[in-house]
Amino acid sequence: MMTAIEKQEKSMRRTYHALAHRLGMTEDERHQMLIDNYGVESSADLDAHQLTDLIYTLDRLVNPSNADVWRKRLIAAVCEYLRLMKRDESVYTARRIACRAAGADNFNSIPNDRLKSLYNAFKKRCNDIKAVAVLTADNSLINLTQPQSGLPS
């Protein structure tokens, strides 16, 4: 009987082979890639971490446009944030900020899930800044020191 980890690794090996097939890799190319990158003869010799790394790499080759779209969206969101904060909004600065936020050394190594979450975080921050600007420009903030009419004191 297989353990849960063995089942997961088997599923990951299937995913690896499916991605390699979608890339049109021959058996010799797969074999050479495993030897060059991991020092093993077969995907059965890879552990879960190595399989995860391999699947991630192949998935980025199969679906490069998805990652590029999210990278561009993140740069745009960070630039919008910088513009609202009245700071220099260069692409270089936006990439540096995104790397710091993701805890990554290289902007292109940020995974898709992290790109999406950072994009959403920066967009939310921008929306909050805009909402506060509208409130303060309309002078509609409630004065908490004096009770409002109609409210019990």
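I started with the fold: the protein chain has six helices and zero strands. Helices (H or I, at least four residues) and strands (E, at least two) are DSSP runs, numbered from the N terminus. Along the sequence I read the pattern α-α-α-α-α-α.

I noted the ground rules next. This is a predicted model, in which local features need pLDDT of at least 70 and side-chain atom pairs count only at pLDDT 80 or more, while totals for chains, interfaces and linings use all residues. Residues are numbered from 1 along each chain as its sequence is written, and side-chain values use heavy atoms, with hydrogens and water left out.

**Burial and contacts overall**

I looked up how much of the chain is buried. Of the 153 residues in the protein chain, 28% are buried. Buried means under 20% relative accessible area, exposed over 50%, partly exposed in between (1.4 Å probe, protein chains only). I then took contacts (heavy atoms within 4.5 Å). Among contacts between residues at least 6 apart in sequence, 55% join residues at least 24 apart.

**H1 against H3**

I turned to helix packing. Two packed helices are described by the angle between their axes and the distance between the axes. The axes are lines fitted to C-alpha atoms, for helices over the stretch in contact, and angles run from 0 to 180 degrees between N-to-C directions. Helix H1 (residues 4–22) packs on helix H3 (residues 48–62) at about 25°, with the axes 9 Å apart. H1 is therefore roughly parallel to H3. Angles under 35 degrees count as roughly parallel, over 145 as roughly antiparallel, 65 to 115 as roughly perpendicular and the rest as oblique. I logged the crossing of H1 and H3 as left-handed. A crossing is left-handed if the near helix is turned anticlockwise from the far one by less than a right angle, and right-handed if clockwise. From H1, the residues in contact include Met12, Tyr16 and Leu19. Their partners in H3 include Leu51, Ile55 and Leu58.

**H2 against H3**

Helix H2 (residues 27–38) and H3 pack at about 120°, and their axes are 12 Å apart. That makes H2 oblique to H3. I found this crossing right-handed. Met33, Leu34 and Tyr38 in H2 meet Gln50, Asp53, Leu54 and Leu58 in H3.

**Glutamate 80 and the cysteines**

I checked glutamate 80, which lies in helix H4 (residues 64–84). Glutamate 80 counts as buried because its relative accessibility is 11%. Leaving out residues up to four places away in sequence, glutamate 80 touches Lys123, Cys126 and Lys130. Cysteine 126 is buried, at 0% relative accessible area. Cysteine 79 is buried too, at 9% relative accessibility. I looked for disulfides, taking a pair of cysteine sulfur atoms within 2.5 Å as one. The count came to zero.

Lysine 86 sits in the loop between H4 and helix H5 (91–102). Lysine 86 counts as exposed, because its relative accessibility is 76%. I flagged its phi, a positive value near 60° in a residue other than glycine. Most residues other than glycine have a negative phi.

I tested the length of H5. At 1.5 Å a residue its twelve residues should span 16 Å, and the end C-alpha atoms are 16 Å apart, which agrees. The expected span is 1.5 Å times one less than the number of residues. In H5, Thr93, Ala94, Ile97, Ala98 and Cys99 are buried. Glycine 103 follows H5, with a positive phi near 70°.
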